[in-house]
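Here is a short briefing to read alongside your model. Have a look at the structure first, and then we can walk through it together.

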Amino acid sequence: MTQKTFRALVIESKNKQPCAQFKQLKIADLPNEDILVKVSYSSLNYKDALTITGKASICKKVPLIAGIDLSGTIIESKSSDYKEGDKILVNGFGLSEKFNGGYSQYQRINPNWIVKVPVSFNEEEVMAIGTAGYTAMLCIQEIQKHGIKPNKGPILVTGATGGVGSFAIKLLHKLDFNVSAVTGKVEESSKYLKSIGADEILDRKAFHRPSKILESENWSGVIDCTGGSLLATAISQTQREGIVTACGLAAGMILNTTVAPFILRGVTLRGIDSVEAPISKRKKAWEELSRLLTSNELKSIYNTYPMSRVRELATSLLEGNRNGRVVIDVNR
Ligand SMILES: NC(=O)c1ccc[n+]([C@@H]2O[C@H](COP(=O)([O-])OP(=O)(O)OC[C@H]3O[C@@H](n4cnc5c(N)ncnc54)[C@H](OP(=O)(O)O)[C@@H]3O)[C@@H](O)[C@H]2O)c1
């Protein structure tokens with residue numbers, strides 16, 4: 001076993017730039033963690049795409065195996081909590097940042113990072129949900145914790161056709177919320193967005209502008225995947241005592257806003273960090289995901305591709321040409 005070679009996508013440094021290369025590795029090359037997993041699937045997230053294309057690297061050290069998500073079967077365990085044959089998943093927790101990630105046919109992981117694959121899903125389906133669906137669920141749980149109910153008014157979702165956006169729409173719809181979806185591709189994607197539960201489709205251009213200090217109070221809550229001017233406009237349109245969950249930066253890191261929505265309307269801005277979220281929060285999010293979603297419903301949200309195509313898929317994801325989620329079959 002230790003001599004067997006397998007394929008992994010490794011981020012290295014070339015002329016001080018991150019560079020993704022397929023490599024043949026041995027089990028002995030993996031770090032010394034307590035659980036050895038035969039990986040089945042990973043997924044392609046915005047962060048993965050930035051790293052693979054070299055546009056920005058999240059790797060705090062190199063060489064490092066890429067991929068922030070993984071699902072698979074335990075084949076060796078030194079932990080009393082897990083045994084050989086258990087189907088497990090990991091989202092974030094430093095995969096592809098500080099620790100080797102999921103674009104690999106085998107991986108060694110820390111038992112403290114693990115969530116068991118819920119019985120209602122298989123290993124492919126949990127990667128269809130992946131970091132994106134789990135992050136969308138964390139946003140929704142913050143909105144619910146804030147006391148927002150469907151009768152308080154619509155929830156705005158930005159970056160609607162992306163992974164987080166698509167899951168946010170689907171899950172909010174299942175929870176009876178009215179959902180307004182902001183997209184940069186109204187014509188091409190309206191049918192898709194309606195099919196997953198959006199009640200209203202709004203053009204990104206209406207949000208990508210300097211916002212007024214306070215605008216009309218449209219949204220009881222916001223799930224923002226974009227940052228930048230879209231987030232600023234969404235904040236200025238949030239209702240009194242509403243909540244804006246900020247999880248992304250697809251439009252940019254800079255947030256140009258004023259204190260007015262916070263001090264004159266009591267709006268809450270809640271940051272969402274899926275990477276370091278404690279395991280108890282993750283397990284709650286995954287329990288709710290398995291309660292709300294069926295395997296059948298996931299089908300319209302994802303496509304599965306071989307790992308050999310992950311570099312071209314990363315480029316296409318950053319160009320914003322995709323709807324929904326990309327699952328990566330690491331064994332093809
Ligand atoms: N905080 C966390 O823990 C966490 C977890 C997961 C993801 N994220 C972040 O959340 C964001 C979304 O992630 P994802 O996996 O859903 O990515 P994704 O699948 O690439 O979706 C991003 C979406 O944002 C929109 N978009 C792209 N470029 C844009 C631009 N220049 N201006 C405005 N909108 C733009 C596009 O949707 P439309 O064409 O429909 O507008 C695109 O589909 C990323 O920034 C990611 O890093 C954060």
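A polar contact is a pair of N or O atoms within 3.5 Å. Keep that cut-off in mind for the ligand, where a polar backbone atom of Ala 250 sits 3.4 Å from a ligand nitrogen atom. Please note that this is a predicted model.

**Around the ligand**

- The ligand is surrounded by 24 residues.
- The closest of these residues are Thr 161, Thr 183, Cys 247, Ile 272 and Ser 274.
- Cys 247 places a backbone N or O atom 2.9 Å from a nitrogen atom of the ligand.
- Gly 162 also takes part through its backbone, with an N or O atom 3.3 Å from an oxygen atom of the ligand.
- On its own the ligand exposes 910 Å², and the protein buries 87% of that area.

**How the chain is divided**

- Domain 1 covers residues 5-117 + 301-329, while domain 2 covers residues 131-271.
- Between the C-alpha centres of domain 1 and domain 2 there are 29 Å.
- Twelve residues from domain 1 and 15 residues from domain 2 make up the contact.

**Where the two domains meet**

- About 1,000 Å² is buried between domain 1 and domain 2, and carbon and sulfur atoms give 58% of it.
- What classes of residue does domain 1 turn towards domain 2? The side of domain 1 that touches domain 2 has six polar, three nonpolar and three charged residues.
- Four residue pairs are in polar contact across the interface of domain 1 and domain 2, with both residues at pLDDT 80 or more.
- The count of salt bridges between domain 1 and domain 2 is zero.

Notes:
Residues are numbered from 1 along each chain as its sequence is written. This is a predicted model: local features need pLDDT of at least 70, side-chain atom pairs count only at pLDDT 80 or more; totals for chains, interfaces and linings use all residues. Side-chain values use heavy atoms; hydrogens and water are left out. Domain bounds come from an automatic or database domain assignment. Contact means heavy atoms within 4.5 Å. Buried area is the accessible area (1.4 Å probe) that two parts lose on being put together, summed over both. A salt bridge is a side-chain nitrogen of Lys or Arg within 4 Å of a carboxyl oxygen of Asp or Glu. A polar contact is a pair of N or O atoms within 3.5 Å; within protein, one must be able to donate a hydrogen and the other to accept it, and residues adjacent in sequence count only if both atoms are side-chain atoms. Ala, Val, Leu, Ile, Met, Phe, Trp, Tyr, Cys and Pro count as nonpolar, Asp, Glu, Lys and Arg as charged, and the others, Gly among them, as polar. A residue is near a molecule or strand if one of its heavy atoms lies within 4 Å of it. Accessible areas come from the Shrake-Rupley method with a 1.4 Å probe; for residues, only the protein chains shown count as cover.
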